[in-house]
Amino acid sequence: MFEGAPGRVHYLLTLSRPRFWLYLAGPVVVGVAFGADATSGLFTPLTVGLFAYFLLPANVFLYGVNDVFDADVDAENPKKDDREARWRGDPVAGAAVAAATLLGAGTFVLAPSLAWPYLAGFFLLGFQYSAPPFRFKTTPLADSVSNGLYVLPGAAAYAAVAGAHPPIAALTGAWLWTMGMHTFSAIPDIEPDRAAGIRTTATVLGERRTVAYCLACWLAAAAVFALVDVRFGLLLAAYPAMLLGVRVSGVDVDRAYWWFPVLNTAVGTILTLGGLWRLLYA
């Protein structure tokens with residue numbers, strides 16, 4: 001099944017979805033950039049520790065739990081043939097997922113209590129998205145809303161560094177953004193999920209109405225972010241603009257889905273630079 005230690009490492013890295021590592025670590029960087037009140041607060045044991053955990057171990061936890069409870073469903077999912085990995089039931093992989101989960105307890109030691117609700121929300125939603133009894137991913141709308149878990153590492157980092165909760169408008173706008181992101185990513189899974197008897201927001205709405213749902217989420221996210229700063233709203237408008245471009249150009253959604261890590265990285269980088277500019281020149 002495996003080709004020794006290198007094969008196991010390759011499998012675990014594939015399972016952790018390297019293309020999506022910054023989906024958790026990126027919000028930490030943005031949260032630190034806007035939470036710090038001086039450049040001395042950017043690189044500390046707290047900020048480096050949070051970034052390190054959410055870069056790799058948190059992804060092993062999140063996607064490992066997902067793959068464990070989706071083993072039967074993923075048997076029909078073509079994404080697992082090349083870009084992702086099917087759960088193999090290997091005890092070493094199971095131990096790695098358990099270790100990544102337990103390592104998450106260290107984030108509570110690193111961070112002040114003000115950040116604990118955000119950290120607890122991440123682990124709770126991350127587990128219950130895939131695992132019983134709630135298994136949010138099989139409940140239409142709940143699957144979309146629960147994916148706000150992706151912004152919680154950033155909220156925790158902001159709270160830990162700033163000593164205050166993030167602006168509610170920023171948190172709400174980011175949550176709406178993740179709802180659109182998750183539901184758009186579910187479009188390529190519509191047919192495999194239907195074949196497996198899984199009900200999601202995307203399987204219920206179908207591709208066309210799911211695209212409209214994502215557009216609504218991203219427009220709302222841009223509008224809410226504009227309440228924090230108009231420039232943030234304009235930046236977030238890149239998502240509905242991109243979606244409209246995909247529809248007008250006729251590009252297949254299955255293909256466009258894999259462009260999103262690039263767009264997310266670009267938007268996150270611009271946000272981070274904005275936060276750093278505030279520290280250096282404000």
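Visitor: Arg194 and Glu191 both sit in helix H11; by about how much of the helix are they separated, and why?

Guide: Helices are DSSP runs of H or I with at least four residues, numbered from the N terminus. Arg194 and Glu191 are separated by about one helical turn because they are three residues apart in helix H11 (residues 190-195). This is a predicted model: local features need pLDDT of at least 70, side-chain atom pairs count only at pLDDT 80 or more, and totals for chains, interfaces and linings use all residues. Residues are numbered from 1 along each chain as its sequence is written, and side-chain values use heavy atoms, with hydrogens and water left out.

Visitor: What joins Arg194 to Glu191?

Guide: A salt bridge is a side-chain nitrogen of Lys or Arg within 4 Å of a carboxyl oxygen of Asp or Glu. For Arg194 and Glu191, the closest N and O atoms are 3.5 Å apart. The structure holds four salt bridges.

Visitor: How do I read accessibility for Arg194?

Guide: Buried means under 20% relative accessible area, exposed over 50%, and partly exposed in between (1.4 Å probe, protein chains only). Arg194 has 42%, so Arg194 counts as partly exposed. Glu191 has 52% and is exposed.

Visitor: Which parts does the salt bridge of Arg247 and Glu207 tie together?

Guide: The closest N and O atoms of Arg247 and Glu207 are 3.5 Å apart. Arg247 lies in helix H14 (residues 238-249) and Glu207 in helix H12 (residues 201-228), so the pair ties together parts that are 40 residues apart in sequence. Arg247 is partly exposed at 37%. Glu207 is partly exposed at 39%.

Visitor: Is Leu62 buried or exposed?

Guide: Leu62 has 5% relative accessibility, so Leu62 counts as buried. Leu62 lies in helix H4. Contact means heavy atoms within 4.5 Å. Leaving aside neighbours within four places in sequence, Leu62 touches Leu24, Gly126, Leu149 and Tyr150.

Visitor: Where is Val68, and how accessible is Val68?

Guide: Val68 is also placed in helix H4 (residues 57-69). At 35% relative accessibility, Val68 counts as partly exposed.

Visitor: How does the radius of gyration of the chain agree with a compact globule?

Guide: The radius is taken over C-alpha atoms, and the globule rule is 2.2 Å times the number of residues to the power 0.38. With 282 residues, a compact globule would have a radius near 19 Å; the chain has 19 Å, which agrees. The C-alpha trace spans about 55 × 45 × 35 Å along its principal axes.

Visitor: What is the secondary structure of the chain?

Guide: The chain has 16 helices and zero strands (a strand being a DSSP run of E with at least two residues).
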